[in-house]
Amino acid sequence: MSAVHNKARTSSNPERAHTGTPIHEKVLKTLAELGVRSVGDIQQLFYELSQTLNDETNSLVIKGAQSEAERERMCKTFRNRWLGRKSGLIAQADENWLKAAGTDWRRDVGRFFNDLRALVEGKIAALPTEIRLHVGVGSAFADTSSPDLTLPGFRRTLGSVHPVTQVMREIEDIFLGLGFAIESGPEIESVYYNFDALNIPESHPARDDWDTIYVNPETLLRTHTSPVQIRAMEKHGAPLYIICPGKAYRHDNPDSTHATMFHQVEGLAVDTDITFADLKGTLDYFARKFFGDKIKTNFSPSFFPFTEPSGELAISCVFCGGKGCRVCKESGWVEVMGCGMVHPEVLRHGGIDPERYSGWAFGLGVERFAMMKYDINDIQLFQQSDIRFLEQF
Ligand SMILES: [Zn+2]
C-alpha cells in the first residue's frame with residue numbers, strides 16, 4: 001500500500017534523499033523515481049542494501065537455530081529474500097535500477113550491482129556454518145542470545161613426555177634406586193667451574209676439544225654437566241653420591257649426531273675406599289638395567305683431564321647382539337659413555353682431601369641413549385617439534 005502511495009508521490013514530485021523509505025521499497029522504484037542525481041546517490045543506495053544484508057545475517061547468526069531443519073529453513077528464507085528469481089531484492093535492483101538506468105548511469109550501476117551480488121552470494125554460502133545449533137537446549141533457553149554455559153568445553157589433545165625427558169627420567173630412576181641424589185647447576189657457567197676446577201687449565205690442549213660458546217671472557221654456556229661435580233663437592237663435601245642431569249652447549253655444526261644443545265647425565269661417587277671395581281660394578285648394573293639383561297659391557301682405556309685413570313664403557317650392540325651391523329660398524333660394540341677415577345686435583349678443587357677420599361665419575365649423552373634405545377638415526381629429530389615423530393613415544 002505504502003509503496004504504491006510513495007510511487008505516486010515521488011513520480012510526480014521527485015525527492016533526493018528518500019530518507020524515510022525502507023530499502024525493500026526503494027528497490028521497487030527506478031533511479032529516476034528515486035531522484036538520483038549523481039554517482040554518489042547510486043553508491044548510497046547500494047550501501048543501504050549492503051547494510052541491510054549485514055544486519056539481517058548478523059541477527060540470524062545471533063539467533064541461532066534449534067535444529068538442523070530450522071537452520072535449513074532460515075537459510076532458505078534468507079536466500080529467497082535476496083536471490084529469489086522475481087521478488088528477491090537483487091532481482092528487483094536488477095530490474096528497476098540496472099536495466100532501467102539510462103546510458104549515463106549504466107556503467108556505475110553495473111559496477112555496484114555486481115559487487116553487491118557477489119557479497120550476497122558470499123553471505124548465503126557462509127550462513128549455514130555461521131548459524132550455530134543450540135543442540136539439546138530447551139526453547140526457553142535457546143531464545144536468548146547469551147551463550148549456554150552448561151555445554152561442555154573444547155578438550156585439547158594432551159601431549160606426551162618428550163623422548164629425551166623419558167630417557168633422562170629412566171636413567172634417574174635407576175640411580176635413585178642405588179641411593180644417588182639428583183643435583184643441578186647453572187647452564188650459564190663460569191670458566192673456572194667449566195674448565196679450571198676440572199683440571200683443564202687455559203694452556204691445556206684439551207680445552208680445544210670443546211667448541212665453547214662464550215658469553216664473555218669469564219662466562220660461557222657449560223660445555224658439559226661436569227661443573228656440577230665441583231659445585232656439589234663444595235656444597236655437600238664427602239661422602240657424596242650424585243647424578244647431574246641437564247643441558248650442555250657446544251658450538252658444533254648441527255648434523256645427524258651433533259646438536260648445539262644436548263643433554264647429559266653426569267655421575268659422581270666420592271667416599272673412602274672407592275675403587276675402579278665400584279665404578280665397573282655400578283656402570284655394569286646400570287647398563288643392564290637400561291638396555292636389558294642380555295647386553296655385555298666392556299671397559300677400555302681413554303683420556304679425560306678430570307679423571308685418572310680414564311675409560312670408555314662400551315656395550316654389546318643392542319641391534320645385532322654383538323654379531324656386527326651398520327650401527328656398531330661391524331665391531332659388535334658401541335661406546336656409550338666416558339668414565340674414570342676422579343683426578344686428585346679435581347677432588348682438591350671441590351674441597352675434598354684426596355688422601356682420605358677417592359671417587360669415580362661418568363658422563364653420558366642422553367640423546368645418544370635415546371637414539372640407541374629407539375633406533376633413531378638423526379639427533380635433529382629431537383628438536384624439530386615434529387608431532388609425527390613425537391607422538392610415537
Ligand atoms: Zn651391531
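Me: How many of the ten residues of E9 are buried?
Reply: Eight of the ten are buried, so E9 is largely enclosed by the rest of the structure. Buried means under 20% relative accessible area, exposed means over 50%, and partly exposed lies in between (1.4 Å probe, protein chains only). Strands (E, at least two residues) and helices (H or I, at least four) are DSSP runs, numbered from the N terminus.

Me: What kind of model is this, and how are residues numbered?
Reply: This is a predicted model, in which local features need pLDDT of at least 70 and side-chain atom pairs count only at pLDDT 80 or more, while totals for chains, interfaces and linings use all residues. Residues are numbered from 1 along each chain as its sequence is written, and side-chain values use heavy atoms, with hydrogens and water left out.

Me: Which strands does E9 run antiparallel to?
Reply: Strand E8 (residues 307-316) is joined to E9 by eight bridges, and the two run antiparallel. E9 is also joined to E10 by five bridges, again antiparallel. Two strands pair if DSSP finds at least two bridges between them. Ser316 has Trp333 in E9 as its bridge partner, and Met337 stands opposite Leu364 in E10.

Me: What is the order of the strands in the open sheet?
Reply: The order is E1-E5-E6-E10-E9-E8-E7, seven strands with mixed pairing. E1 and strand E7 (297-304) are the edge strands, as each pairs on one side only. Helix H13 (residues 366-374) packs on the sheet and touches E6, strand E9 (333-342) and E10. The direction of H13 makes about 150° with that of E9. Contact means heavy atoms within 4.5 Å. Axes are lines fitted to C-alpha atoms, for helices over the stretch in contact, and angles run from 0 to 180 degrees between N-to-C directions.

Me: Why is E6 called largely enclosed?
Reply: Eleven of the eleven residues of E6 are buried, so the rest of the structure largely encloses E6. In a regular strand the side chains alternate between the two faces of the sheet. Both faces of E6 are covered: the buried residues include Met261 and His263 on one side, and Phe262 and Gln264 on the other.

Me: How many bridges does E6 make with E5 and with E10?
Reply: Strand E5 (residues 240-249) pairs with E6 in the antiparallel sense over ten bridges, and Gly246 stands opposite Gln264 in E6. Strand E6 (residues 261-271) is joined to strand E10 (residues 358-365) by eight bridges, also antiparallel. Ala269 has Trp360 in E10 as its bridge partner, while Val270 stands opposite Gly359.

Me: New topic: is Glu183 buried or exposed?
Reply: Glu183 counts as buried because its relative accessibility is 12%. Glu183 lies in the loop between strand E1 (181-182) and strand E2 (188-190).

Me: Which side chain does Glu183 join in a polar contact?
Reply: The partner is the side chain of His236, at 2.7 Å. A polar contact is a pair of N or O atoms within 3.5 Å; within protein, one must be able to donate a hydrogen and the other to accept it, and residues adjacent in sequence count only if both atoms are side-chain atoms. Leaving aside neighbours within four places in sequence, Glu183 is in contact with several residues, including Val228, Ile243 and Pro245.

Me: How many disulfides are there?
Reply: The count is zero, where a disulfide is a pair of cysteine sulfur atoms within 2.5 Å. Cys317 is buried, with a relative accessible area of 2%.
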